[in-house]
There are 2 protein chains.
Amino acid sequence: MARAGTTARKTRNQMEKRQAIFEAALDVFSEKGLRGATLEQVAKAAGLSKQNVVYYFAGKDEIYAELLESLLQKWVQPLHDLTADGDPMDEILTYVSRKVQMSRNMPRESRLFATEILHGAPRLGEVLPTDLKALVDEKAAIIQGWMDAGKLAPLDPHHLIFSIWAMTQHYADFDVQVRSVLGSERSATRFEDAERFIKDMLIRTLRP
Amino acid sequence: MARAGTTARKTRNQMEKRQAIFEAALDVFSEKGLRGATLEQVAKAAGLSKQNVVYYFAGKDEIYAELLESLLQKWVQPLHDLTADGDPMDEILTYVSRKVQMSRNMPRESRLFATEILHGAPRLGEVLPTDLKALVDEKAAIIQGWMDAGKLAPLDPHHLIFSIWAMTQHYADFDVQVRSVLGSERSATRFEDAERFIKDMLIRTLRP
DNA sequence: ATGATTTCTGCACGATCGGTCAACATTTTT
DNA sequence: AAAAATGTTGACCGATCGTGCAGAAATCAT
């Protein structure tokens with residue numbers, strides 16, 4: 001057959017190889033960007049030949065696009081899990097915890113999205129003003145409800161979410177800078193320190 | 001002569017052309033990244049031919065390196081201007097103002113540095129652990145002094161500076177996302193709203 | 001075992017990019 | 001005005017990259 005993946009049906013082997021390519025692509029793309037990375041670097045990182053990679057994916061752009069799409073869900077999951085059920089402050093601090101945890105454990109994913117958005121999000125342009133906006137609006141409404149009920153200090157919920165994104169992701173995206181400024185000793189505990197700092201800041205800010 | 005710029009002496013014309021190339025390079029590099037941008041795109045944006053650009057600069061990498069270096073000073077100036085002389089809260093809020101202003105008026109510069117650091121800062125790796133660290137340590141010591149004097153609530157000054165960087169630069173680096181989530185109406189006032197939000201947050205946080 | 005299907009490679013094309021060089025044009029200097 | 005220095009362009013080269021394709025190799029079904 002000409003190429004794998006032309007049909008929706010995927011064998012076990014195909015899934016594994018595709019997964020290996022995804023993993024390699026995440027490594028390479030997050031470090032060098034889409035345009036800065038080469039197919040051969042991805043292939044080598046996946047332990048395959050360049051032509052073999054093309055057998056499993058139509059091309060470089062398709063790998064990148066599918067990788068981005070496959071990570072999107074996981075990336076916004078913590079915000080999804082913020083619900084109106086729990087205690088307001090707890091919900092927000094738990095969200096911060098999970099976001100810091102993601103910066104620590106998934107820095108490649110963070111940098112991948114950061115680079116994409118930084119360059120204008122040409123491959124996310126469709127989903128940002130629809131899905132992401134709807135999600136943020138929904139959660140902002142919940143937070144607004146808490147504020148209206150006097151359970152949190154009144155602040156703009158959208159910008160509150162932005163500030164949490166910014167502060168938490170900063171430690172993944174700009175890790176080199178953070179480590180350089182902190183020095184080698186303080187760098188060891190940078191994520192714990194960051195989590196504590198951000199939580200302290202939000203507690204002081206949001207306390208009614 | 002083989003090339004301009006081989007000697008340190010620069011004529012008026014050379015300075016102007018080099019400036020035009022810098023301006024064009026800032027446009028192109030901040031949007032596409034170093035590897036994603038081509039010399040011809042820079043040349044076209046500068047109104048010159050590709051060969052003519054190479055006449056004024058040794059090559060693409062040199063343009064990028066010199067551009068980065070020429071912007072570095074301007075980029076950290078606001079932090080330099082934070083001194084122990086003024087009122088603690090005023091100094092910090094003024095710093096926030098200037099950083100938000102830079103995100104609004106110099107988004108290309110912000111994205112240029114963001115991309116560079118995101119990709120490991122291979123061309124800044126020397127200056128981050130020395131100059132930048134020294135600068136941040138100095139200002140962190142000032143803030144720490146204010147906290148010790150009971151003029152500000154006690155918090156980690158380094159992470160305080162990181163959080164200000166993160167929140168303010170977020171509105172330049174991830175502008176597409178911010179605008180998508182806010183929608184067209186609310187986007188119009190995003191920088192004013194952000195400045196107010198961040199200041200409110202810091203006032204509540206740092207109030208002793 | 002044998003034929004069909006899947007997986008992988010060798011070869012190579014076309015395009016693009018960064019950079020070189022010689023020649024030509026313009027400006028400045030004497 | 002002549003000469004020298006500076007500025008600009010056209011033609012081109014080597015390298016790299018993404019991709020297509022024929023066919024070999026391996027795996028699987030019968």
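Author: Helices are DSSP runs of H or I with at least four residues, strands are runs of E with at least two, and both are numbered from the N terminus. This is a predicted model, in which local features need pLDDT of at least 70, side-chain atom pairs count only at pLDDT 80 or more, and totals for chains, interfaces and linings use all residues. Residues are numbered from 1 along each chain as its sequence is written, chains are lettered from A and ligands numbered from 1 in the order in which they are written, and side-chain values use heavy atoms, without hydrogens and water.

Reader: Which residue follows α7(A), and what is its phi?

Author: Gly150(A) follows α7(A), and its phi is positive, near 80 degrees.

Reader: Where does α7 of chain A bend, and how is a bend defined?

Author: The helix covers residues 128-148 and bends by about 25 degrees at Ala134(A). That value is the angle between two axes, one fitted to the seven residues ending at the residue and the other to the seven starting there.

Reader: Which residues of α7(A) are buried, and what covers them?

Author: Among the buried residues are Leu128(A), Leu132(A), Leu135(A), Ile143(A) and Trp146(A). The cover includes α4 (60-80), α5 (88-105), α8 (157-173) and α10 (190-206) of chain A, and also α9 (175-187) of chain B.

Reader: What makes phi of Ala121(A) worth a note, and is the residue buried or exposed?

Author: Its phi is near 50 degrees, a positive value in a residue other than glycine. Ala121(A) lies in the loop between α6 and α7 of chain A, and its relative accessibility is 1%, so it counts as buried. In chain B, phi of Ala121(B) is near 50 degrees.

Reader: Why is Ser180(A) called buried, and what is it in contact with?

Author: Ser180(A) lies in helix α9 of chain A, and its relative accessible area is 14%, so it is buried. Neighbours within four places in sequence aside, Ser180(A) is in contact (heavy atoms within 4.5 Å) with Leu128(B), Pro129(B) and Lys133(B).

Reader: How many residues of chain A are in contact with chain B, and what area is buried?

Author: In chain A 52 residues are in contact with 52 of chain B. The buried area is about 4,800 Å², with 68% from carbon and sulfur atoms; such area is the accessible area (1.4 Å probe) that two parts lose on being put together, summed over both. Leu118(A), His159(A) and Val181(A) lose the most area in chain A, together 15% of what that side buries.

Reader: What makes the pair Arg186(B) and Asp156(A) a salt bridge?

Author: The rule asks for a side-chain nitrogen of Lys or Arg within 4 Å of a carboxyl oxygen of Asp or Glu. The side chains of Arg186(B) and Asp156(A) meet at 2.3 Å, N to O, and the interface has two salt bridges by this rule.

Methods
Buried < 20%, exposed > 50% of the residue type's maximum accessible area, 1.4 Å probe, protein only.
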